[in-house]
Amino acid sequence: DVEAGGEPLVDGVPLADELLDPDQPQEKCGSRHPSYRVAMLIPWVNELPPWLSYFITTAKLSEYLVDYLVFHESLIPPQHLPSNVRFIDLGQSGLSQLFGIKMGEELGMPMRNASLLIRSMRFMLEKWPRLVAEYKPAFGSIFEQYLSDYSHWGYCDLDMIIGNIPLFLEQAELATQDIITYSFGDVDALYLRGQWTVHRN
């Protein structure tokens, strides 16, 4: 049941919010975090997955802190996206060109060798698109030109139900840690989770 004011009822009695501190007035936190902004970088090679709407719906809950930048090659993005989910079209073979050029720059390769790297990346992404995930730790360099407005960058996957990240990612973590990753069952291992890892920019 729901009363006229929209409050949920149990046996006709308003349901108490267990997390509400009665001594702290509730105020809206604003539309954007005043100090931090996280860019989650998601290069996507294949057709868009059928579960994408679930990802987008839950990603919207994090718009206070997180933007999701989905890089693709000439796909038609969904309509009516939340403000924190952006599809960035790199054009035909744009991902392999960006990967090849940026990796060539980082490795100090002459341009003729970088063009070989671009062709190799194009072949790899066409044949084994999932291998783009192997380059996640390099995304900060590869997508550097898109990160100037962000305090942090990271990576995640489109097959996730994201939820309200500001409830889990603490300001103290963003202020003091260079890398934030979450683990389950192997907390003593030094391991970056491909599903969700954030780096200081």
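Two strands are said to pair if DSSP finds at least two bridges between them. Helices (H or I, at least four residues) and strands (E, at least two) are DSSP runs, numbered from the N terminus. The model is predicted, so local features need pLDDT of at least 70 and side-chain atom pairs count only at pLDDT 80 or more, while totals for chains, interfaces and linings use all residues. Residues are numbered from 1 along each chain as its sequence is written, and side-chain values use heavy atoms, with hydrogens and water left out.

**The whole chain**

Begin with a cartoon of the entire chain. Five helices and eight strands make up its secondary structure, in the sequence order β-β-β-α-β-β-α-α-α-β-α-β-β. Of the 201 residues, 39% are buried (under 20% relative accessible area with a 1.4 Å probe, protein chains only; exposed is over 50%, and partly exposed lies in between). Switch to a surface: the chain exposes about 12,500 Å², with 54% of it supplied by carbon and sulfur atoms. Accessible areas come from the Shrake-Rupley method with a 1.4 Å probe, and for residues only the protein chains shown count as cover. Among contacts (heavy atoms within 4.5 Å) between residues at least 6 apart in sequence, 65% join residues at least 24 apart.

**The six-stranded sheet**

Next, select the strands of the open sheet, which has the order β5-β4-β3-β6-β8-β7 and mixed pairing. β5 (85–89) and β7 (179–181) stand at the edges with a single partner strand each, so one side of each has no neighbour in the sheet. On average, neighbouring strands here are turned by 20 degrees against each other, direction ignored.

Which residue stands opposite A39 in β4? Select D67, the residue facing A39. The strands concerned, β3 and β4, pair in the parallel sense over six bridges. Helix α1 (residues 52–59) packs on the sheet and touches β3, β4, β5 and β6 (152–156); the direction of α1 makes about 125 degrees with that of β5. Axes for such angles are lines fitted to C-alpha atoms, for helices over the stretch in contact, and angles run from 0 to 180 degrees between N-to-C directions.

Move across to β8. β6 and β8 run antiparallel and are joined by five bridges, and R200 in β8 is the bridge partner of H152. β7 and β8 also pair in the antiparallel sense, over three bridges; in this region I179 stands opposite H199 of β8. Four of the five residues of β8 are buried, leaving the strand mostly covered.

**The salt bridges**

Show the charged side chains. The structure holds seven salt bridges, each defined by a side-chain nitrogen of Lys or Arg within 4 Å of a carboxyl oxygen of Asp or Glu.

Is D67 buried or exposed? D67 is buried, at a relative accessible area of 1%, and R37 is buried too, at 4%.

R86 lies in strand β5 and D67 in strand β4, so the pair links parts 19 residues apart in sequence. R86 counts as partly exposed, at 33% relative accessibility.

Then select D178 and R200, whose side chains form a salt bridge at 2.9 Å, N to O. D178 lies in the loop between α5 (171–176) and β7, and R200 in strand β8 (residues 196–200), so the pair ties together parts 22 residues apart in sequence. D178 counts as exposed at 53% relative accessibility, whereas R200 is partly exposed at 33%. With R37, D67 and R86 shown together, the salt bridges that share partners can be traced as one network.

**Helix α2**

Finally, select residues 94–106. This is helix α2, whose 13 residues reach 18 Å from first C-alpha to last, close to the expected 18 Å (1.5 Å times one less than the number of residues). Its buried residues include L95, L98, F99 and M103. The buried residues of α2 pack against β3 (38–43), β4 (66–72), α3 (111–127) and α4 (139–142). Just after α2, G108 takes a positive phi of about 70 degrees.
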